[in-house]
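Hi there,

Here is the structure I promised to pass on to you.

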Amino acid sequence: MTHTRLLLIGTVATLLAAGPGVARADDGPSVPPGTEASASAPVELDPNDPDLKLPDGATLAEPKVLDIKSVVEDQSGDERREDTNTNVTFALQAEVLFGKDSAKISAQARARISVIANEIKTQNATRIRVFGFTDNLGSSAHGDVLSRKRANAVHGILEQELSDANITYEVRGYGEDYPIADNSTEEGRKKNRRVEISFPRGAN
């Protein structure tokens with residue numbers, strides 16, 4: 001199976017007109033390819049330019065590292081895994097899980113959910129979110145009901161697979177809200193018809 005992997009890393013430093021103090025950046029991962037600093041400045045800079053200086057009494061804020069996000073999607077687009085420093089999210093397209101306009105889970109879908117349940121065990125997660133989404137075809141009210149039924153169906157399989165009274169679930173149906181692709185194309189609508197399972201990343 002071919003996977004596409006996207007790694008986004010960012011750091012943000014802001015200016016604070018605060019009291020004295022010296023900011024220090026911790027060692028971090030290398031910058032993404034193509035964004036490395038050039039050997040010399042592309043334009044000549046005037047070191048005496050007042051726009052390049054901090055106001056009197058101001059210091060740099062502590063460096064802030066943004067969440068690292070890794071996204072892996074199978075070639076068909078049927079399944080996507082998103083990892084950050086704190087959470088793991090699986091998105092399964094509705095066609096993989098259900099028949100058209102149905103909330104009945106297929107046998108193939110059970111196998112995929114079982115794999116996700118094993119990952120939840122690996123991460124020792126005890127808080128799980130199961131959210132259903134639809135495209136914008138049909139009425140909004142119908143989409144709300146269908147997405148909730150589908151989220152409930154996936155939740156039911158996870159409960160069977162995990163069988164752990166210490167796990168708490170948040171199960172919701174959002175209908176056509178929060179699309180991740182363009183609803184004006186069938187390809188985009190297919191991505192929007194999905195169920196997402198997310199949980200905190202373990203310390204292991």
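**Salt bridges in the model**

Asp 83 has a relative accessibility of 13%, so this residue counts as buried. Please keep in mind that we are working with a predicted model.

The salt-bridge partner of Asp 83 is Arg 81, with 2.7 Å between the closest N and O atoms. Arg 81 comes out at 23% relative accessibility and therefore counts as partly exposed, since the buried class stops under 20%.

Next, Glu 79 and Arg 112. Their side chains form a salt bridge too, at 2.7 Å from N to O. Glu 79 belongs to strand E7 (residues 79-83) and Arg 112 to helix H2 (residues 107-122), so this contact ties together parts that lie 33 residues apart in sequence. What is the burial state of Glu 79 and Arg 112? Both of these residues are buried.

Then there is the pair Arg 193 and Glu 186, whose side chains meet in a salt bridge with an N to O distance of 2.7 Å. Arg 193 is buried at 14% relative accessible area, whereas Glu 186 is partly exposed at 41%. This pair belongs to one network, in which salt bridges with shared partners join Glu 95, Asp 135, Glu 186, Arg 189 and Arg 193.

How many salt bridges does the count come to? The total is 12, and the pairs described above are among them.

Best wishes

Terms used: Residues are numbered from 1 along each chain as its sequence is written. This is a predicted model: local features need pLDDT of at least 70, side-chain atom pairs count only at pLDDT 80 or more; totals for chains, interfaces and linings use all residues. Side-chain values use heavy atoms; hydrogens and water are left out. A salt bridge is a side-chain nitrogen of Lys or Arg within 4 Å of a carboxyl oxygen of Asp or Glu. Helices (H or I, at least four residues) and strands (E, at least two) are DSSP runs, numbered from the N terminus. Buried means under 20% relative accessible area, exposed over 50%, partly exposed in between (1.4 Å probe, protein chains only).
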